[in-house]
Amino acid sequence: MDYLRELEGKRAHDPFHDGQPTKVMRCTYFPGPVIVGAGPSGLAAACCLKERGIPSLILERANCIASLWQLKTYDRLRLHLPKQFCELPLMPFPPSFPTYPTKQQFIAYLEDYVRQFKLRPAFNQTVESAEYDERLGFWRVRAVGLKEEKMEYVCRWLVVATGENAEAVIPEINGIGDFEGPVVHTSSYRSGDAYHGKRVLVVGCGNSGMEVCLDLCNNDAFPSLVVRDKVHILPREMLGRSTFGLSMWLLKWLPIKMVDHFLLLASHLLIGDTGRLGIDRPQVGPLELKNLSGKTPVLDVGTLAKIRAGDIKVWPAIKRLTGCGAEFVDGRAEAFDAVILATGYRSNVPSWLKERDFFSEKDGLPRKPFPNGWKGNCGLYAVGFTNRGLLGASIDAKRIAQDIEHCWIAIRLPPLPTTSF
């Protein structure tokens, strides 16, 4: 541990160490991997590591696990896929849970997961930077706490588990500053209760935008949906089975183009031609498009019926917002009381990880597509960046734990306690 004492001594006696004035920083060596993020992906990685006898340290910027689910999702949210495709490693969902668990049930499942495997994330630890020190052969992860206290964690392995949905995407819309009503992202939306009797413009036609429109309808609001791009909408279930499960089964026997053809034919029979509702489909099939771009098809849970009934209006792209409404690219205009941005999320990895070979600086995702985007160089790993939801995160977590175990055994690291200076 001489190098740690050297680093700490430099900071303690030289306030301009590294060229910048710094506060005294506490330095901690951790023998196992440091995991950044206590969402489902980070918890899955920690559990798989623990199963193999490898301790890990989870750093989480929020004050709870799964902060996206607990703090930034709407109340009516359910898992979009059946529960068997969403369970984390080593623990299935309770048999009493429905096929599509609610938000509250999923959070309860995660809390039980943490208790069962005795995971103890370090909360309120915002990672500001993580950088590989070639001289030391270790990662140096710097974090700040609630009281601005600074910590540096030194570790051999770094697992990035901050996910594809770390930061809300706020689009640039002409005139957005002129609109006199509230403009909120879905990360701040909880229920349609607050919009009773109001005309609400929902921007974005993904799963969130469609479900928010449905929720607004059920709370006696008057929603309108902006559909700027082409999108595939599929029924959530086909032939008595989940569309996702049926697709995975068909892909075992048929090429992706044939499965796409079947999905589109069945969708036309079950939900009709969405183009007549102002929602055109892409030329590329839903599964092929998912593989090429990561764009997920929308699973309809009742929104299309509301659109057909006229309870939800469909609009093209926004030309600009005005003080009391919006003008659209087709020349029409409408008055609105509120705007909800269902414009998604993005990775924040480039803002703190000082590495550009494994992660793309453009979108914050691994440069290699699934299934090869889980391992970088020098002990760097990624979990939950597969564009395949919780199932993909579980696959990553198992691979990472297995890979680190080989190194752990090779260097014969005992499960030492942390050492602080």
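Ring pairs join W69, F93, F97, F106, Y109, Y113 and F117 into a cluster, and this arrangement belongs to a model that is predicted. Across the whole structure, a search finds 18 aromatic pairs.

- Y74 and Y189 form an edge-to-face aromatic pair, with 6.5 Å from centre to centre and 65 degrees between the planes.
- Because Y74 lies in the loop between α3 (67–71) and α4 (103–116), while Y189 lies in the loop between β9 (183–185) and β10 (199–203), the pair ties together parts that are 115 residues apart in sequence.
- Both partners, Y74 and Y189, are buried.

**The pair of F85 and F244**
- F85 and F244 also form an aromatic pair that is edge-to-face, and here the distance is 4.9 Å centre to centre, with 80 degrees between the planes.
- F85 is found in the loop between α3 and α4 and F244 in helix α6 (residues 243–251), so this pair ties together parts that are 159 residues apart in sequence.
- F85 has a relative accessibility of 18% and therefore counts as buried, since the cut-off for buried is under 20% relative accessible area.
- F244, with a relative accessible area of 22%, is partly exposed.

**A charge over a ring**
- The charged end of R236 sits over the ring of Y100, at 3.9 Å from the centre of that ring.

Note on methods:
Residues numbered from 1 in each chain as written. Predicted model: local features only at pLDDT ≥ 70, side-chain atom pairs only at ≥ 80, totals over all residues. Heavy atoms only, no water. Phe/Tyr/Trp six-rings, centres within 6.5 Å; stacked < 30°, edge-to-face > 60°. Helix = DSSP H or I, 4+ residues; strand = E, 2+ residues; numbered from the N terminus. Buried < 20%, exposed > 50% of the residue type's maximum accessible area, 1.4 Å probe, protein only. Lys NZ or Arg CZ within 6 Å of the ring centre and 35° of its normal.
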